[in-house]
Amino acid sequence: VTPKCPRWDYDRERFPETAISQFDLVCSKQFWVPLSQSIYMFGDVIGSVLSGILSDKFGRKKIILISTAGYFLSGVAVIFSPTIIIFNILRWCTAVFATSIYTVCFTYCVEIVTGSWTNFVGVIFGVCGALGLMFVPLLSWVFPRWTYLQLSLTLPIIVLFVAPLHIFLFPESPRWLVSQGLVKEAESVMEKIAEENGNAIKIENNNDDKSFDTSNDKCSMTSVSICDLFRTPGICRTTLVLCYTWFCFVSI
């Protein structure tokens, strides 16, 4: 019977320390390598579903800030993982929060503009995401130790917690505010946006407050679910095309 090795020696010439070497993910533990990636991708799925539901209920800004805090905390905590199980739990949390940031930020960006700017902002958002992915290999070369690489990908997001940044430069989505019947708040946001663009305006609402009351029959909000994405042929076709596109994108 071949005795089990008490420890492993790794070639650290190129990489001082990796997750594989730290947790000895070799031989009988090698299954953790693909399983860890699957756990992370499962977190992506959960984040994609929950972020949309929660941002529709509580607002884009709140979910973005909560997801940013969660991403920062889990991203820093993962480098102190004592076991591979704790490592994967924290990585799953990181995936949930990271995907939530991406999806809700994209929704927020296209909601804050109108007309032809919607396509422009959507494209720029995708380009920035691609540039971020292209930047990861450079960071891995600069920080070959996985803990330092993890910190380099996590710490920059703390800039969103600078008080003046998210209070003055990060208003709630006016479209979401209108969808919740908060018309006056939406008008205030639009006036601030117009003022910063050099087009100071004052939105005058000639309608009474009852016309914007969500409890009113004419303006009552019906409950929606994921089934509504497949209710009509046009929406169903668009949903399937987008699902297929994202499947191909993630599979690359």
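The model is predicted: local features need pLDDT of at least 70, side-chain atom pairs count only at pLDDT 80 or more, and totals for chains, interfaces and linings use all residues. Residues are numbered from 1 along each chain as its sequence is written, and side-chain values use heavy atoms, with hydrogens and water left out.

**Salt bridges**

- The whole structure holds three salt bridges. The term means a side-chain nitrogen of Lys or Arg within 4 Å of a carboxyl oxygen of Asp or Glu.
- Side chains of opposite charge can pair when their charged atoms come close.
- D56, R60 and E111 form a network of salt bridges.
- R60 pairs with D56 at 2.6 Å, N to O.
- R60 counts as buried because its relative accessibility is 6%; buried means under 20% relative accessible area, exposed over 50%, and partly exposed in between (1.4 Å probe, protein chains only).
- D56 has 43% relative accessibility, so D56 counts as partly exposed.
- E111 pairs with R60 at 2.8 Å, N to O. This pair links distant parts of the chain: E111 sits in helix α4 (residues 84–111) and R60 in helix α3 (residues 60–77), 51 residues apart.
- Helices (H or I, at least four residues) and strands (E, at least two) are DSSP runs, numbered from the N terminus.
- E111 and R60 are both buried.
- R231 bridges to D228, with the closest N and O atoms 2.6 Å apart. R231 is exposed at 58% relative accessibility, while D228 is partly exposed at 22%.

**Nonpolar cores**

- The largest nonpolar core has 12 residues, including I63, F72, I101, Y108 and F170. Such a core is a set of buried Ala, Val, Leu, Ile, Met, Phe, Trp, Tyr and Cys residues joined through side-chain atoms within 4.5 Å.
- Helices α3 and α4 each supply at least two residues of this core. Helix α3 gives the most, with five residues.
- C105 touches I64, S100 and F125, leaving aside residues up to four places away in sequence. Contact here means heavy atoms within 4.5 Å.
- Another core, of 10 residues, lies apart from the largest one; among its members are L25, W32, F87 and W146.

**Setting of S140**

- S140 lies in helix α5 (residues 116–142).
- S140 is partly exposed because its relative accessible area is 27%.
- A polar atom of the S140 side chain lies 2.6 Å from the backbone oxygen of P137.
- S140 and L153 are 13 residues apart in sequence and 9.9 Å apart in space, C-alpha to C-alpha.

Conventions. Polar contact = N/O pair within 3.5 Å; in protein donor to acceptor, adjacent residues only side chain to side chain.
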